[in-house]
Amino acid sequence: MADFTQTDMPQSGETIAVISTNHGQMKLRLFPEIVGLAAENFIELARQGKYNGSPFHRVIKDFMIQGGDFTNRNGTGGHAAQGDTIGDVYDYRLTHIRGALSWAKTSAPNSIGSQFFIVHGKSGAHFLDHPADGHDHEGYTVFGQLYEGFETLDSIAKAKTDGRDMPKEEITIESIVIETI
C-alpha cells in the first residue's frame, strides 16, 4: 500500500460496505489492511445484521451524520462486535475529509463500540484527526471512505433536526452489506 490514497476508488480484492438507507445508497471503501480491528469491528457488526433497521440518530449539516446505535437507537447504546468496546487505531494517511467513515466514542480511551459517523462538510473535520504527537484518545479513528453516494450523504445531512441534532423524521439504515470487489 505504498501508493495508498484515501480517496482512491476500491481496487480488486478490497472490502467495501454498501449502506442502503431510506434516503438512498452509499458505498464506502474500508481499510482493514491499515487499521485492522477498527475496520474489522464494523465489518463484523454489519455481517451480523446489527445495523439493519437502526437510525442515523444525529445529523449536523456541514459536519457529519451519525448512526450505529442498534440497542437504544438514540446515541446512548451499541457495543463492539468483539465485546463491549475497542481502542483507537490510526494511520497518518487517514484523515477526516468529506466522506470519511470514522468511529464515534467518548473522551475515554478504548471507548469505541458500534456508533460511527460520516463526515459531511466540504472542508472536512480535521480537528477530529489524531494529533501526530498526541495520545490515542485525542482523535477519532477513520476506517473507511465514501466513494459513491455523496448525494445520499447530502440528502441525510439536510434533514430537519431538533435541538439535540436528532432528525425529526427517522432516517433508517435498511442494511449494510459487506462485499469484496
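**Close-up 1. Around the largest pocket of this predicted model.** The space inside the largest pocket comes to about 340 Å³. Sorted by class, its lining has 12 polar residues, seven nonpolar ones and three charged ones.

**Close-up 2. The second largest pocket and its lining.** Here the lining is made up of 13 residues, with Tyr-90, Asp-91, Tyr-92, Leu-94 and His-130 nearest the centre. About 170 Å³ of space lies in this second largest pocket. Its lining has nine nonpolar residues, plus two polar and two charged ones.

**Close-up 3. Helix α3 and its buried residues.** Which residues of α3 (residues 150-157) are buried? They are Thr-152, Leu-153, Ile-156 and Ala-157. Looking down the axis of α3, you'd find these buried residues within an arc of 135 degrees, so they line one face of the helix. As a reminder, an α-helix has 3.6 residues a turn, so residues three or four places apart point the same way. What do the buried residues of α3 pack against? They pack against a set of strands: β1 (15-21), β2 (24-30), β3 (56-60), β4 (64-67), β6 (116-119) and β7 (142-148).

**Close-up 4. Helix α2 and the glycine that follows.** In α2 (37-47), the buried residues are Ala-38, Ala-39, Asn-41, Phe-42, Ile-43, Leu-45 and Ala-46. After α2 comes Gly-49, which has a positive phi near 80 degrees.

**Close-up 5. Ser-54, tucked into a loop as a buried residue.** Look for Ser-54 in the loop between α2 and β3. Is Ser-54 buried or exposed? With a relative accessible area of 2%, Ser-54 is buried, because the cut-off for that label is under 20%. The side chain of Ser-54 reaches the backbone oxygen of Tyr-51 at 2.7 Å. Setting aside neighbours within four places in sequence, Ser-54 is in contact with Asp-69, Phe-70, Arg-73, Ile-171, Thr-172 and Ile-173.

**Close-up 6. Asp-62 and Arg-73, two residues with positive phi.** Asp-62 isn't a glycine, yet its phi is positive, about 65 degrees; you'll find Asp-62 in the loop between β3 and β4. Arg-73 isn't a glycine either, and its phi is also positive, about 65 degrees. Arg-73 sits in the loop between β4 and β5 (100-103). Its relative accessible area is 33%, so Arg-73 is partly exposed. Arg-73 is also one of the residues in contact with Ser-54.

**Close-up 7. Asn-72 in the loop between β4 and β5.** Asn-72 counts as partly exposed, at 42% relative accessibility. Its side chain joins that of Thr-76 through a polar contact of 3.0 Å. Asn-72 and Gly-83 are 11 residues apart along the chain, and 17 Å separates their C-alpha atoms.

**Close-up 8. Phe-127, an exposed residue in a loop.** The loop in this view runs between β6 and β7, and Phe-127 lies in it. At 63% relative accessibility Phe-127 counts as exposed, since the cut-off is over 50%. How far apart in space are Phe-127 and Arg-164? They are 21 Å apart, C-alpha to C-alpha, and 37 residues apart in sequence.

Terms used: Residues numbered from 1 in each chain as written. Predicted model: local features only at pLDDT ≥ 70, side-chain atom pairs only at ≥ 80, totals over all residues. Heavy atoms only, no water. 1 Å grid on protein atoms, 1.4 Å probe; cavity = no way out; pocket = protein on both sides within 12 Å on 5 of 7 lines; lining within 4 Å. Points joined across faces, edges and corners; volume = space filled by probe spheres on them. Nonpolar A, V, L, I, M, F, W, Y, C, P; charged D, E, K, R; others polar. Buried < 20%, exposed > 50% of the residue type's maximum accessible area, 1.4 Å probe, protein only. Helix = DSSP H or I, 4+ residues; strand = E, 2+ residues; numbered from the N terminus. Arc of directions from axis to C-beta. Contact = heavy atoms within 4.5 Å. Polar contact = N/O pair within 3.5 Å; in protein donor to acceptor, adjacent residues only side chain to side chain.
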